[in-house]
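Hello,

Here is the structure I said I would pass on. My notes on what was found follow below it.

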Amino acid sequence: MDLIALAVPFFLLAIGVEWYFDRARGTGFFRMNDAIGSLATGAYNSSTDLFTKLVSITIYAVVLENFAVYQMPLAWFDFSPAGLLAWMGVLLVWDFFYYWKHRLGHEVSVFWAAHSVHHQSEEYNLTTALRQTSTDFLVGWVVYLPMFVLGVPVEVFLTVSAIDLIYQFWVHTRHIDRLGWLDYWLVTPSNHRVHHAQNPRYIDKNYGGILIVWDRLFGTFEPESEPPIFGVRKALQSFNPINANLQVYRSLIADTHATRGLRNKLRIWFGRTGWRSADAEQARPLVFKPLSEFKRFGGVHSSALNAYLGAQLAVAIVLTFLVGIVFEAHGALPALLLAIALWWLLACLGGLADGAAWATPVEWLRLTAAPVVAWIVALAIPAAAVWWVGVTTAYAAVSALLLYLVQSEKPRANQLRSSDI
C-alpha cells in the first residue's frame, strides 16, 4: 500500500483550505505561478518515481539478503504493544538517518544537486511540501543502507519513510506561529521555516524530519528570530520542473568541464556545497547580490494565462494519478507513454509561466499532437481506445480555444522585491 499516494488527495484538500485562508486573511503567502511551479514539480516527481524507485528498492533487497547481521521477521510488525514498539523503533532510526541524509543534501554538492529542488520556491506554503526532486534515486539511497545491514524489512522501511514524509507536509506553512514546548522537541512550522530561508544565520540549519532533537544534539539548530526570506542564493528564475531538476547538475557539469585535474573535478561533485575550483571561478564568475536586493521571480502573468495554467495543472494532476493506475494495471510501457505526455504538459506549463519564447509554439504543437499521442497510448491499452482518444481530442480542442484567448491578452512581467514579502 502506497501511503503517500493515498495521502495526496488530502494534501490537495489542505492546500485548498490554506489558499482560502490566505485569501480571506489577505496575507499573500500564495502566488499562482509559484504554486503551479511547485505542484508541477511534485507531479513530475510522482510520475518519474514510478520508474526510478526500483533502483533503490533492488539495492536495499540485495543488501538485506546478503549483508544483514539479522533479518527482522515481518511478523514482528503488527498492532500488538510489542509490534507498535517495533514500528516506533524503526521510525526513530529512519528519522535519525533522514537527518544525516538531509544534512548531506545541503552540505555535499552531489546531494544538493538533487535536494535543491525542494528549496527553489521563493514562497512558503503547503504547495512547497510537494515540491520534490526526481533525481534522488541517483545517490540518496546510500544513507539508508545501514538500516538493511541491521535487518529492517524493505516493506517496513517503505512504510516508516512514508509516515515520516507525510508528517513533514504540515510544517510547510506560514499560518502557524511558534508552538511553545513542541518547538523544542519536534520539527514544527517555525523550525522548518528557518530551514527553508536563505538568511545567513538560517543557512544549513534545522535538518530534522519529525524530531528537531537531532539538530540540538549535533549543533545545527537555529530558532526563528527574524523574518525568513525563502528560496536559494542562486535563484532558479523558472517555474519549469525540468529546469528545477537540472539546475544544479548543469552548474556542476560546467564547473567540472572548466576544472583541471581529476581530484578537483571529483571535489566539485563530492566536496562541500558551493566549493569551486579557481579554474571554474575564472571561467564562470558568480556574483551574488546582497540579500537586501533580493527579488522574487515572477515570470509573466495575466488573468487569462493564470486561468489557462490552472486548468492545465488540474489536467496534469489527473494525468499523474492515471500514470500510476496504468502502471499498476498494465505495466511500465503504457505508463511510460502516458508519462511522456504528462512531462510534455508540465514542461509547457512551466515555460508559459516563465514567459519563455519557445513555450507557446511548443504548447500549440502539444495540443495538435495530443489526439495522436492518445491513439498511441490506446494501442497499448486496447480497452481504453475509443473513450481515451475521444476525451483527449475534446480536451485538445477546448485547450486550443483557451490558448487562443490567452494570446489575445498581453501578459505582464511580475517581479517582486524582498520588501513585498
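At 5% relative accessibility, Gln-120 counts as buried, the cut-off for that label being under 20%. Please keep in mind throughout that this is a predicted model.

Gln-120 sits in the loop that runs between α4 (109-115) and α5 (126-129). The side chain of Gln-120 has a polar contact, at 3.2 Å, with the side chain of Arg-131. Once neighbours within four places in sequence are set aside, the residues in contact with Gln-120 are Arg-131, Gly-231, Val-232, Leu-236, Ala-244 and Gln-247.

How many cavities of 30 Å³ or more does a search of the whole structure find? The search finds one. The space in the largest cavity is about 70 Å³. By type, the lining of the largest cavity has three nonpolar, four polar and four charged residues.

Most residues other than glycine have a negative phi. Gln-237 has a positive phi, near 60°, and is not a glycine. Gln-237 is in the loop between α10 and α11 (241-258). Is Gln-237 buried, partly exposed or exposed? With a relative accessible area of 38%, Gln-237 is partly exposed, because that label covers values between 20% and 50%.

A positive phi is also found at Asn-206, about 55°, although Asn-206 is not a glycine. Asn-206 is placed in the loop between α9 (189-196) and α10 (213-218). The relative accessible area of Asn-206 is 1%, so Asn-206 is buried.

Next, the second largest pocket. The volume of the second largest pocket is about 740 Å³. Its lining is made up of 31 residues, and those nearest the centre are Trp-112, Arg-233, Lys-234, Thr-273 and Gly-274. Two or more lining residues come from each of α3 (81-107), α4 and α11. Which of the elements gives the most to the lining of the second largest pocket? That is α11, with five residues. The lining of the second largest pocket divides into eleven nonpolar, eleven polar and nine charged residues.

Last, the chain as a whole. The protein chain has 17 helices and four strands. The C-alpha trace of the chain spans about 60 × 55 × 55 Å along its principal axes. A compact globule of 421 residues would have a radius of gyration near 22 Å, and the protein chain agrees with this because its own value is 22 Å. Of the 421 residues in the chain, 50% are buried. Of the contacts between residues at least 6 apart in sequence, 73% join residues at least 24 apart.

Regards

Key:
Residues numbered from 1 in each chain as written. Predicted model: local features only at pLDDT ≥ 70, side-chain atom pairs only at ≥ 80, totals over all residues. Heavy atoms only, no water. Buried < 20%, exposed > 50% of the residue type's maximum accessible area, 1.4 Å probe, protein only. Polar contact = N/O pair within 3.5 Å; in protein donor to acceptor, adjacent residues only side chain to side chain. Contact = heavy atoms within 4.5 Å. 1 Å grid on protein atoms, 1.4 Å probe; cavity = no way out; pocket = protein on both sides within 12 Å on 5 of 7 lines; lining within 4 Å. Points joined across faces, edges and corners; volume = space filled by probe spheres on them. Nonpolar A, V, L, I, M, F, W, Y, C, P; charged D, E, K, R; others polar. Rg over C-alpha atoms; globule rule 2.2 N^0.38 Å.
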